[in-house]
Amino acid sequence: MKSVFTKEVKIGVVTIISLALLYFGINYLKGINLFKPVNHYYVTFDNVKDVTVSSPVFIEGFKVGLVRSIAYDYSNSGEIVVEVSLDDDMRINKGSYFTIVKSLLSGGELHIHLNKYTNEYYKSGDMIEGRMADDIMEAVQDRLLPGIEGLIPKIDSILIGLQTVMNHPALTQSLNHIERATNNLEVSSRELNSLLNKDVPVIVDNLKMITSNFSDMSADLKGLDLHSTVNSINATLANLQLTTDKLNSKDNTIGLLLNDTSLYENLNSTGENASKLLLDFRENPKRYVRFSLF
């Protein structure tokens, strides 16, 4: 049976399918979904640097569309028209505007700023105002660079001062003192560790022994009959008091000997007479000793 499609027809069909797949594939790589319902708007800018076809469109950080095309408006010099396609449910209030925000990673992005104070909306295909957002790099250049330029002389002076301090001999001496102090602390730490490892255990053992002895002594004291001992001491003290009273009294012999002054005077007079008698005996022995011969 002869084939209905000739070779040329098959080649043409394959070519058309390939071109269609290529078209859809390119748009898919760009992030454009041709099968999803969308509405489109036109936004005018003075400068679209870093914005490309398929650049994302965000609203409050949420992606709602893509850039479909970028064209220069030759009829109105100085304006560039950017066509954006948004989700079919996305509606833009009148008075809203677009801004270009430069990103370090993805280049230029379009951000929608809605005017939430009106309930009137743009229609698909309407022209919307576009504005340029503050450029981060330009802000850095305009605000930070002058301050940095003013700081450079101060930084230079600080570096010179630091160099002077670093080269000063006092700093070297201070570092040497710190090093010696650190070495002394290390030696003290070793000695302290040695003390803790050797002497402290011995001291602790001695304290334990003393505590044990006190405990034993406390037990011994607890076992003594302190009441009887105190009574005996009181009786002994009473006897001593009685003896002392009798020695101080004159109604006994010992009391008279200790307290009667006449006995002392008599003994003193007797001693003096005995002394005189011995002296007279030595000087006049014939008066007391007589010899007779046959």
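This is a predicted model: local features need pLDDT of at least 70, side-chain atom pairs count only at pLDDT 80 or more; totals for chains, interfaces and linings use all residues.
Local features require pLDDT of at least 70 and side-chain atom pairs count only at pLDDT 80 or more, while totals for chains, interfaces and linings use all residues. Residues are numbered from 1 along each chain as its sequence is written, and side-chain values use heavy atoms, without hydrogens and water.

Strand β6 spans residues 107-113; strands here are DSSP runs (E, at least two residues), numbered from the N terminus. Of its 7 residues, 5 are buried, so β6 is largely enclosed by the rest of the structure; buried means under 20% relative accessible area, exposed over 50%, and partly exposed in between (1.4 Å probe, protein chains only). Strands pair if DSSP finds at least two bridges between them. β5 (residues 97-103) runs antiparallel to β6, with 7 bridges, and isoleucine 100 stands opposite leucine 110. β2 (residues 56-59) runs parallel to β6, with 2 bridges; phenylalanine 58 has histidine 111 as its bridge partner.

Leu110 is also among the residues with the most contacts inside the largest nonpolar core, which has 21 residues. Such a core is a set of buried Ala, Val, Leu, Ile, Met, Phe, Trp, Tyr and Cys residues joined through side-chain atoms within 4.5 Å.

The structure holds 4 salt bridges, each a side-chain nitrogen of Lys or Arg within 4 Å of a carboxyl oxygen of Asp or Glu. One joins lysine 102 and aspartate 50 at 4.0 Å. Lysine 102 belongs to β5 and aspartate 50 to the loop between β1 and β2, so this pair ties together parts 52 residues apart in sequence.

Methods:
Helices (H or I, at least four residues) and strands (E, at least two) are DSSP runs, numbered from the N terminus.
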